[in-house]
Amino acid sequence: MRANGARASPRAAPTHPRHKKHRAPSIRAIRASAIGPSAKSTIDALNEKFAIPGSVTFENGRGDLPTALLTHKNGSTSRVYLFGATVTSWTQPSGDEVLYVRPDAAFDKTKPIGGGAPLCFPQFGPGAMQQHGFARNVDWEVIGTSADVNPDDPEPAVMMRLKPNEYTRAMWDEAFEATYEVTLRREKLKMELCVKNTNEETSGKAIDFTAAIHTYIEVTDCANAGVFARGLSGKTYLDKNVDANDPPKKVQDSRDVFFGLDLVDRVYLDTEPETLLHVGSGAAVSVENTAGWTDTVIWNPHTNMKECYKNFCCVESAAVSRPVVVAPGKVWRAETNLTVIDVVSNDV
Ligand SMILES: O=P(O)(O)OC[C@H]1O[C@@H](O)[C@H](O)[C@@H](O)[C@@H]1O
């Protein structure tokens, strides 16, 4: 059995926005100035300011929306749309895709991108504002890229930022600044969300919110007995399939969560750091909540999405059951790491 990753002891809250000041300057390319995605010739401007040849480039994605493409020396890649700061792809060195984008996903900003790993903030929902808040529905600005650590083993990364605007204030009129960094590591995809309360430290008020990284993972066929989520046994969950607005509490009394018979929409409370999604091909995806997150959401829409539900299951890193409260001037940091594991040789 692969050793279960322990929840990392919380690191000191980073200064915000965070820069990797401890890293070697060799091929580092943190660029301080930011550029908004509405700028003329967005892609050219992004490449001019932030590209790191061979590691981080910017190009138009579907619908001509700007994306960051991270490329690791080992051949793995990841694509991030600035719209919603949505990671839509993580490919292995073999070329295999880990994430799933639904066939009905829109790439025209009329709605959030339906797939990949969308960000839910400042509300998971259902609740007072639109489902999943606004982070998925807005353009984030690029504030830095890097590919440092070890020149022989660069870890390409892009950091984006979201500040309040008219659209977000209409839903949530709070003082915040969010940064989101996606790092393509040798064998992991790391996603780190930081939310700073920008109210005056001495006299300002606290802010509170719920959040999630809503990761869609491709599976062979969710009805296949080899597709299941492991790591939630004994945990209490809110069963949103019974009533999304007032979900009853239940306990996961079997070892694994299976799909294919009915809609699965559950918020597992106070979960262990790691949940494994066995994808049915001899591999499992480890979703490791390394910092910040308290809960894990498991979702498969069943025949509500007839054309695609068999092809994915969502394992979502979440802070839902208890709102996150951030004191004025402070930062909340949450981190998720995805890893692909060979189930057979690791006996998980
Ligand atoms: O907004 P999307 O990507 O279509 O996902 C919707 C689903 O997102 C999940 O996080 C919720 O638990 C579900 O209740 C919801 O139906």
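Predicted model: local features only at pLDDT ≥ 70, side-chain atom pairs only at ≥ 80, totals over all residues.
View 1. Six of the six residues of β16 are buried. Burial applies to both faces of β16: Glu274, Leu276 and His278 lie on one side, and Thr275, Leu277 and Val279 on the other.

**View 2. Leu277 within the largest nonpolar core.** This core has 90 residues, and the members that touch the most others are Val158, Ile217, Leu277 and Cys313. Strand β19 (residues 312-326) supplies the largest share, eight residues. Apart from neighbours within four places in sequence, the contacts of Leu277 are Ile217, Ala229, Ala284, Val285, Val287, Cys313 and Val315.

**View 3. The open sheet of seven strands.** The strand order is β5-β10-β19-β18-β15-β12-β13, and the pairing is antiparallel. β5 (119-120) and β13 (249-251) are the edge strands; each has a single partner strand, so one side of each lacks a neighbour in the sheet. Thr236 has Val251 of β13 as its bridge partner.

**View 4. The shell around the ligand.** The ligand is surrounded by Gly114, Pro118, His132, His214, Lys240, Ala244, Asp265, Val297, Trp299 and Glu316. By class, the shell holds four nonpolar, three polar and three charged residues.

**View 5. The hairpin of β3 and β4.** Strand β3 (residues 77-81) runs antiparallel to β4, and five bridges join them. Val80 is opposite Val87 in β4. Four residues lie between the strands, and Gly84 in the turn has a positive phi of about 80 degrees. Strand β4 (residues 86-91) is mostly covered, with five of its six residues buried.

**View 6. Two cis peptide bonds, at Pro122 and at Pro126.** The bond from Phe121 to Pro122 is cis, with omega near 0 degrees. The bond from Gly125 to Pro126 is cis as well, with omega near 0 degrees. Pro122 lies in the loop between β5 and β6 (141-146). Pro126 is placed in the loop between β5 and β6 too.

**View 7. Positive phi at Lys109 and at Asp270.** Lys109 is not a glycine, yet its phi is positive, about 70 degrees. The residue sits in the loop between β4 and β5. With 15 other C-beta atoms within 10 Å, Lys109 is partly exposed. Asp270, also not a glycine, has a positive phi of about 45 degrees. Asp270 belongs to the loop between β15 (264-268) and β16 (274-279). Asp270 has 11 other C-beta atoms within 10 Å and is therefore exposed, the limit for that class being 12 or fewer.

Note on methods: Residues numbered from 1 in each chain as written. Core = buried A, V, L, I, M, F, W, Y, C linked by C-beta atoms within 7 Å. Buried ≥ 20, exposed ≤ 12 C-beta atoms within 10 Å, placed from the backbone. Helix = DSSP H or I, 4+ residues; strand = E, 2+ residues; numbered from the N terminus. Contact = placed C-beta atoms within 7 Å. Pairing = 2+ DSSP bridges. Near = placed C-beta within 6 Å. Nonpolar A, V, L, I, M, F, W, Y, C, P; charged D, E, K, R; others polar.
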